[in-house]
Amino acid sequence: MSLAGLTLDTWRSFAPAIARQVAQDAAAQVGGRVVHVDTVEHLGAPLHRVLIERDGQRFALIPGGRVTLGFDAAAWRPTPEQSADYARSVAEGYGYDNDLREHLAQVLSPRREAVLDAVLMAVEGEHLTEPAAGTPAVLAARGLRMPTSDEWEHACGAGAGTLFHWGDDCPLDRVPYSHPTGPQHEPNAFGLRIAYDTYTTELTSDPSVVRGGDGGESVCGGYGHLLGWLPLATANVNPSMAEFVYGEEGEDLYEDFTVRPVLAL
């Protein structure tokens, strides 16, 4: 089996010793070194986490295969507190749908399946050094590439169908910016620091989709607590922010945007 063909199900089936050998093989393939291997509980079963360092940058091993992506808004049941918080936002006159689930269906990617290769993905995003349109060439010069939108979503959610990578709930007494110890700051199941700051905007190879934040729009706009957390939702695609990033105004602000490099296996 090639490393690119490593599926999430197969990865879960490995004993720790085999997982460590796979990690060593992946590191050797990209000219890096293994700096961390552990096993955590995720979705009721063990999941190995591997970090590999190359040229001073850390990457997490993201197994692929046939994966389920997106969010089933129709099947989701908000808590009474979430519904009440959203109702307060609607009452402020921001023009949202009266039904929270209908709003989620508009801003989150739909439930679907995709087949992905296993990759190494940077643990942290990095700030752009050129406007968004020039980012693929900048990364290619370092042997890297941008993640696809599906790769980013899979890496963030790690197979979970919940609203956020840590679950369906979020603190409703504050927004992410004012919660420095909140669940968004914990490494996700693959060991990534991802979807943790709504002021962050991560690019993907799809110029119509950005991930991981809305540049602070929801916080500065005072949209409410739940809507303040929503840009961190795993399936949030944010097309309006993507239009801004790739537009004329975005060209002058490119240093505020980030990208999470990918190493192919």
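The mean positions of the 18 positive and 37 negative charges of the protein lie 9 Å apart. In this count Lys and Arg are positive and Asp and Glu negative, while His and the chain ends are not counted; each charge is placed at NZ of Lys, CZ of Arg, CG of Asp or CD of Glu. The model is a predicted one, in which local features need pLDDT of at least 70 and side-chain atom pairs count only at pLDDT 80 or more, whereas totals for chains, interfaces and linings use all residues. Residues are numbered from 1 along each chain as its sequence is written, and side-chain values use heavy atoms, with hydrogens and water left out.

The overall picture comes next. The protein has 10 helices and 11 strands, where helices (H or I, at least four residues) and strands (E, at least two) are DSSP runs numbered from the N terminus. Its radius of gyration is 18 Å, close to the 18 Å that the globule rule gives for 265 residues, so the protein is as compact as a globular protein of that length. This radius is taken over C-alpha atoms, and the rule is 2.2 Å times the number of residues to the power 0.38. Along the principal axes, the C-alpha atoms fill a box of roughly 55 × 45 × 30 Å. The accessible surface comes to about 11800 Å², and 50% of it belongs to carbon and sulfur atoms; such areas come from the Shrake-Rupley method with a 1.4 Å probe, and for residues only the protein chains shown count as cover. Of the 265 residues, 51% count as buried, meaning under 20% relative accessible area, with exposed over 50% and partly exposed in between (1.4 Å probe, protein chains only). Among contacts (heavy atoms within 4.5 Å) between residues at least 6 apart in sequence, 73% join residues at least 24 apart.

Now for the strands. Strand E1 (residues 33–42) and strand E2 (residues 45–54) pair in the antiparallel sense over 9 bridges; two strands pair if DSSP finds at least two bridges between them. Val34 has Ile52 in E2 as its bridge partner. The hairpin of E1 and E2 has 2 residues between the strands, and in this loop sits Leu43. Leu43 has a positive phi of about 55° although it is not a glycine, and it is exposed, with a relative accessible area of 54%.

Elsewhere, 4 strands form an open sheet of mixed pairing in the order E7-E10-E8-E9. Strand E7 (126–127) and strand E9 (210–211) stand at the edges with a single partner strand each, so one side of each is left without a neighbour in the sheet. E9 runs antiparallel to strand E8 (residues 202–203), joined to it by 2 bridges, and Leu203 has Val210 as its bridge partner in E9.

Helix H6 (residues 149–157) is mostly covered, with 8 of its 9 residues buried; among them are Trp152, His154 and Cys156. Ala158, which follows H6, has a positive phi near 55°. In the loop between H6 and E8 lies Ala195, a residue other than glycine with a positive phi near 50°. Ala195 counts as buried, at 1% relative accessibility.

Finally, Val219 lies in helix H7 (residues 217–220) and is partly exposed, with a relative accessible area of 22%. Not counting residues up to four places away in sequence, Val219 touches Val175, Thr198 and Tyr199. Val219 and Pro176 are 43 residues apart in sequence and 8.7 Å apart in space, C-alpha to C-alpha.
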